[in-house]
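These are my notebook entries on one protein chain. I set down what I looked up, entry by entry.

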Amino acid sequence: EAGKTKIKYKDVVIGQVEEVHLSDDLKNVVVTAELNKDTKRYLTDKTRFWVVRATVRGGTVSGIGTLLAGAYIGIDPVEGGQPTTSFKGLEVPPVITSGLPGRHFWLRADTLGSLNVGAPVYYRQIAVGQVVSYKFSDDGRAVDIQLFIEAPHHAKVTENTRFWNASGVDVTLNAQGLKVDTQSMVSIIGGGLACDVPENELHGNA
């Protein structure tokens, strides 16, 4: 909303929407905003903007404050890149990992399965990261999935680490009774991945 909607980074207001109108072809909404002058070096072609609303993703609730104060525009500022003043807003809020200690990894799978952005990654049933993004492979025959594993857990991911889909429930019935095994309720609802080195194998190189 012109003159009202704020632009925030880490809950700090750094700008405000000045004007909202439709594009000439009526296919897009064009937002003109004014940002603080000290943000100029972060306005590059790698910087991202999106609308922040209350959402439930990856087992966590975010943007609750927008229920009372209204939606605002979030920003992921990146200093490295070509300066620009024109951006394409993201339809889906990204998982922000800029500046966080850890490491990104890419997995290739035949299908995405039940995974989504924000789905947790587990190591021995402890959440150590999450799915950041996914896309079709260059040849279109597989899905490339980007993960972010938080430090210091990223050091546990080595050349012989294996990943698998941790969604769903494993139920076993034997003489001792009924055994239900799952990573967490979050992985049942929203999907998830697990990783570890195969049994009887030593950890390889990072």
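Predicted model: local features only at pLDDT ≥ 70, side-chain atom pairs only at ≥ 80, totals over all residues.

I looked up an open sheet of six strands and found the order 8-11-10-9-15-12, with mixed pairing. Its edge strands are strand 8 (102-109) and strand 12 (162-165), each of which pairs on one side only. Neighbouring strands of this sheet are turned by 30° against each other on average, direction ignored. I noted the terms: helices (H or I, at least four residues) and strands (E, at least two) are DSSP runs, numbered from the N terminus, and two strands pair if DSSP finds at least two bridges between them. Axes are lines fitted to C-alpha atoms, for helices over the stretch in contact, and angles run from 0 to 180 degrees between N-to-C directions.

Residues are numbered from 1 along each chain as its sequence is written, and side-chain values use heavy atoms, with hydrogens and water left out.

Entry 3, a parallel pair. I then followed strand 9 (residues 120-123), which runs parallel to strand 15 (residues 193-196) and is joined to it by three bridges. Tyr 122 stands opposite Ala 194 in strand 15.

Entry 4, strand 1. Which partners does strand 1 have? Strand 1 (residues 6-9) pairs with strand 2 (residues 12-22) in the antiparallel sense over four bridges, and Lys 6 has Gln 16 of strand 2 as its bridge partner. Two residues lie between the strands of this hairpin, and Lys 10 takes a positive phi near 55° there. Strand 1 also runs parallel to strand 7 (residues 72-76), joined by two bridges; the bridge partner of Lys 8 in strand 7 is Gly 74.

I found Val 20 in strand 2. Is Val 20 buried or partly exposed? Val 20 is partly exposed, because its relative accessible area is 41% (buried is under 20%, exposed over 50%, partly exposed in between; 1.4 Å probe, protein chains only).

I counted two helices and 15 strands in the chain. Buried residues make up 30% of its 206 residues. Among contacts (heavy atoms within 4.5 Å) between residues at least 6 apart in sequence, 59% join residues at least 24 apart.
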